[in-house]
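Please find below a colleague's note on the structure. It is arranged as numbered points.

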Amino acid sequence: MAAGGLKVQFWKPGTEAPGSSIQLERTGKEGEGAGLVAFNPDVASSIARQRQRLPVYKHRTNILYLVEKYQTVIIVGETGCGKSTQIPQYLHESGLAGNGKIIGITQPRRVAATTVAMRVAEEKGTLIGQEVGYRIRFDDCTDPQKTAIKFVTDGMLIREMMADPLLTKYSVIMLDEVHERTLYTDVILGLLKKIQKKRHDLKLIVASATMDAEMFRDFFNTNITKDKSKDTAAILSVEGRTFPTDIYYVLSPVPDYIKASVDAVIGIHLEEGPGDILVFLTGQDEVESAVSMIIEKARALPKGHGFLKVLPIYSGLPFSEQMRIFERSSSKERKVVVATNIAETSITIDGIVYVVDCGFVKIKAYSAETGLESLVVVPISQASADQRAGRAGRVRSGKTYRLYTEDDFHNLSPATVPEMQRTNLAPVILQLKSMGIDNVLRFDFLARPPAEHMVRALELLYALEALDDDGCLTSPRGVNMAEFPLEPMLAKMLLVSGEFGCSEEILSIAAMLQIKNVFVTPSNEKKAAARAKLKFSVYEGDHLTLLNVYQSFLKFKKSSKWCHENFLNYKGLSHAVKIREQLKNLVKSFGVAIESADDDPTPIRRCIVKGFFANAARLHPDGTYRSIRENHALYVHPTSVLYTEKPPEWVVYHEILQTSKEYIRDVTVIESSWLYELAPHYYEYGTERELAAKRAKLE
């Protein structure tokens with residue numbers, strides 16, 4: 001692919017060895033999709049006909065029979081078979097939602113829960129939120145009296161278990177996309193296994209495109225005899241509806257996969273036939289950067305090459321913006337979707353024929369040695385690479401361009417390490433304790449987490465005063481913290497805000513921290529956007545800068561025009577207003593006094609320290625920050641208002657992002673004395689000589 005100045009060179013294994021330039025023509029027989037227009041022949045069909053054409057339809061009777069006979073059914077459904085949208089409807093049509101019972105379907109991602117719910121509502125001819133609804137964090141679109149099919153995120157189902165431990169409202173629970181092995185998916189698997197022992201009438205369906213089916217069957221099968229007729233779990237495989245996909249690899253590793261992805265998109269647009277393009281990158285910053293670069297290069301193309309409609313998709317994008325990727329593109333344009341791994345399995349975008357895979361993914365990683373949890377960019381697994389490639393063969397024969405060599409692919413790990421084994425377990429342990437599971441070490445985890453991670457989580461929860469000396473949940477502090485749909489540190493900050501007389505401000509900050517892209521930076525107006533951000537920036541740091549933005553948004557009557565002029569995300573800020581209202585109702589129900597610190601930033605910063613004391617860092621003479629307990633080197637993220645030539649000496653931060661360095665984000669300036677004053681159980685105070693003498697005395 002050498003046209004248009006494209007420098008990335010690919011080759012398809014099995015073809016003639018590549019020369020100095022390579023032509024990416026299909027090597028298959030004529031008529032195998034070459035030159036076909038991406039057209040859905042089912043467009044004019046009725047929804048009923050479309051449903052019948054899905055591969056899962058011919059397994060309808062088998063699925064219902066297995067659900068009737070077994071307590072747990074494992075369904076291995078290949079990409080495109082229709083399992084996510086059809087199985088809930090089959091269950092509903094068979095009467096399993098009778099007597100006021102609900103069919104619940106979990107999804108690991110919010111965008112999947114909402115989009116699949118909308119598709120099912122459309123197929124059933126009902127408005128979303130009535131017979132078919134969804135519930136995600138800070139958004140409940142269900143009707144207590146009418147909703148019979150309910151899509152929820154994994155985390156929200158766990159929150160429902162806290163109020164209803166046996167899930168008595170549900171007749172069937174379907175866990176979808178379990179192969180992603182998210183933190184809450186693994187927790188739900190263990191909890192449902194416990195519930196099934198008490199509720200033999202609760203049916204469970206575990207579904208995914210790729211997974212170790214026998215492992216899940218053995219996990220749920222309570223039959224300890226060799227008599228197969230007494231098994232309580234069974235497996236069913238459903239073929240997919242995919243077309244052949246050609247895989248192309250680069251000749252040599254690319255130095256910059258973002259630039260290489262952009263070049264590949266332009267090359268496909270110039271040289272390949274009709275069909276939309278899906279590009280996989282690792283995070284919001286990379287996605288937005290690539291979108292800008294593609295638009296810039298597309299504008300420079302000579303006339304006659306068609307129009308590129310470039311759309312981003314990532315979890316922090318406002319819902320209405322996420323929905324744009326599902327809009328059908330016209331015959332005169334080619335849609336380019338630039339996505340994180342959110343588009344790997346959870347959602348299906350019709351019209352995709354070409355996939356560009358950067359070969360990396362951003363995941364959470366936790367170090368028990370340092371106590372630091374960070375977002376790390378790592379190579380994907382072979383299973384993820386196959387999932388990404390599968391996106392290209394949904395409407396006709398497709399092509400996948402991998403920005404890594406074939407040898408690199410074979411050296412990838414077979415599957416991604418479950419999140420349970422690489423994350424901070426404090427939120428999980430807090431929720432398990434709130435459900436009466438005191439001995440968390442004996443909880444039946446599908447993938448047992450490292451003991452060091454468990455110990456670290458228990459230490460943090462004890463320091464946050466959520467657990468007592470015996471490891472039991474404290475009342476009311478620990479019980480109330482578990483009620484928040486937030487991480488424990490944020491929950492603690494909100495619960496103590498009344499004591500500092502700044503609950504109004506802390507509520508605003510907590511709501512703003514849920515919005516990933518407050519500041520908008522268009523590629524052609526970077527300087528203007530930076531100047532606009534300076535107007536809101538304050539010396540005290542990012543948290544108070546976010547507070548400044550929120551208060552200004554209210555002052556200017558939530559004006560979209562004002563947001564546009566100041567390069568702010570209007571829809572995100574509007575969502576923050578709704579989140580704040582929900583959080584305010586929650587803290588009021590816990591008896592937290594709603595007070596304002598007026599214009600005094602000190603109580604606000606002290607309150608932040610009370611929640612985030614474990615994330616404290618001090619400026620080192622070499623210009624880096626060092627974590628207080630582990631002396632770990634950290635750097636202020638370039639997007640922080642504290643990314644200056646004269647950084648403050650002491651700070652606390654909200655999270656760490658690891659790329660080339662470990663960057664701290666959402667940073668606030670503090671006084672060192674506050675750490676000892678507000679968290680004396682966590683920090684000692686004094687010179688090194690005094691502390692050494694104190695420890696020697698204790699020994």
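The points below concern a predicted model and take up its sheets, its helices and some individual residues.

1. The eight-stranded sheet. An open sheet is formed by 8 strands, in the order β5-β4-β6-β3-β7-β8-β2-β9, and its pairing is mixed. The edges are taken by β5 (139-141) and β9 (233-238); each has a single partner strand, so one side of each is left without a neighbour in the sheet. On average, neighbouring strands of this sheet are turned by 20 degrees against each other, direction ignored.

2. Strand β8 and its partners. Within that order, β8 is placed between β7 and β2. Strand β2 (residues 72-77) runs parallel to β8 and is joined to β8 by 5 bridges. Thr72 has Leu204 in β8 as its bridge partner, while the partner of Val76 is Ser208 in β8. Strand β7 (residues 170-175) also pairs with β8 in the parallel sense, over 4 bridges. Here Ile173 stands opposite Leu204 in β8.

3. Burial of β8. Is strand β8 (residues 203-208) mostly covered or mostly open, and how many of its residues are buried? Strand β8 is mostly covered, with 6 of its 6 residues buried. The cover extends to both faces: Lys203, Ile205 and Ala207 are buried on one side, and Leu204, Val206 and Ser208 are buried on the other.

4. The seven-stranded sheet. A further open sheet contains 7 strands in the order β1-β10-β17-β14-β11-β13-β12, again with mixed pairing. Its edge strands are β1 (10-11) and β12 (307-313), each of which pairs on one side only. β1 and strand β10 (residues 245-250) run antiparallel and are joined by 2 bridges. Phe10 has Val250 in β10 as its bridge partner.

5. Helix α8 (residues 257-271) lies across β1, β11 (276-280), β12, β13 (333-339), β14 (352-357) and β17 (398-402), and runs at about 155 degrees to β14. Helix α9 (residues 284-299) lies across β12 and β13, running at about 175 degrees to β12.

6. Geometry and burial of α8. The 15 residues of α8 reach 20 Å from the first C-alpha to the last, close to the 21 Å expected at 1.5 Å a residue. At the start of α8, a side-chain oxygen of Asp256 comes to within 3.1 Å of the backbone nitrogen of Ile258. Because 12 of its 15 residues are buried, α8 is largely enclosed by the rest of the structure. The buried residues of α8 include Tyr257, Ile258, Asp263, Ile268 and His269.

7. Helix α3. Of the 11 residues of helix α3 (residues 83-93), 10 are buried, so α3 is largely enclosed by the rest of the structure. Among the buried residues of α3 are Lys83, Gln86, Gln89 and His92, as well as Ile87, Pro88, Tyr90 and Leu91. Just after α3, Gly95 takes a positive phi of about 90 degrees.

8. The α6 and α7 pair. Helix α6 (residues 183-198) packs with helix α7 (residues 213-220) at an angle of about 40 degrees, and their axes are 10 Å apart. This makes α6 oblique to α7. In α6, Leu189, Gly190, Lys193 and Gln196 meet Phe216, Phe219 and Phe220 of α7.

9. Phe138 lies in the loop between β4 (132-136) and β5, and counts as buried because its relative accessibility is 10%, below the 20% cut-off. Asn631 is another residue that is not a glycine and has a positive phi, of about 55 degrees. Asn631 is placed in the loop between β19 (625-627) and β20, and its relative accessibility of 47% makes it partly exposed. Separately, Ser475 and Pro476 are joined by a cis peptide bond, with omega of about 5 degrees. Pro476 belongs to the loop between α14 (451-463) and α15 (477-483).

10. Glu645. This residue, Glu645, is found in the loop between β20 (633-636) and β21 (650-658). Its relative accessible area is 82%, so Glu645 is exposed. Glu645 and Ile313 are 332 residues apart along the chain, and their C-alpha atoms are separated by 34 Å.

Definitions and conventions
Residues numbered from 1 in each chain as written. Predicted model: local features only at pLDDT ≥ 70, side-chain atom pairs only at ≥ 80, totals over all residues. Heavy atoms only, no water. Buried < 20%, exposed > 50% of the residue type's maximum accessible area, 1.4 Å probe, protein only. Pairing = 2+ DSSP bridges. Contact = heavy atoms within 4.5 Å. Axes fitted to C-alpha atoms, helices over the stretch in contact; angles between N-to-C directions. Expected span 1.5 Å × (residues − 1). Polar contact = N/O pair within 3.5 Å; in protein donor to acceptor, adjacent residues only side chain to side chain. Parallel < 35°, antiparallel > 145°, perpendicular 65-115°, else oblique.
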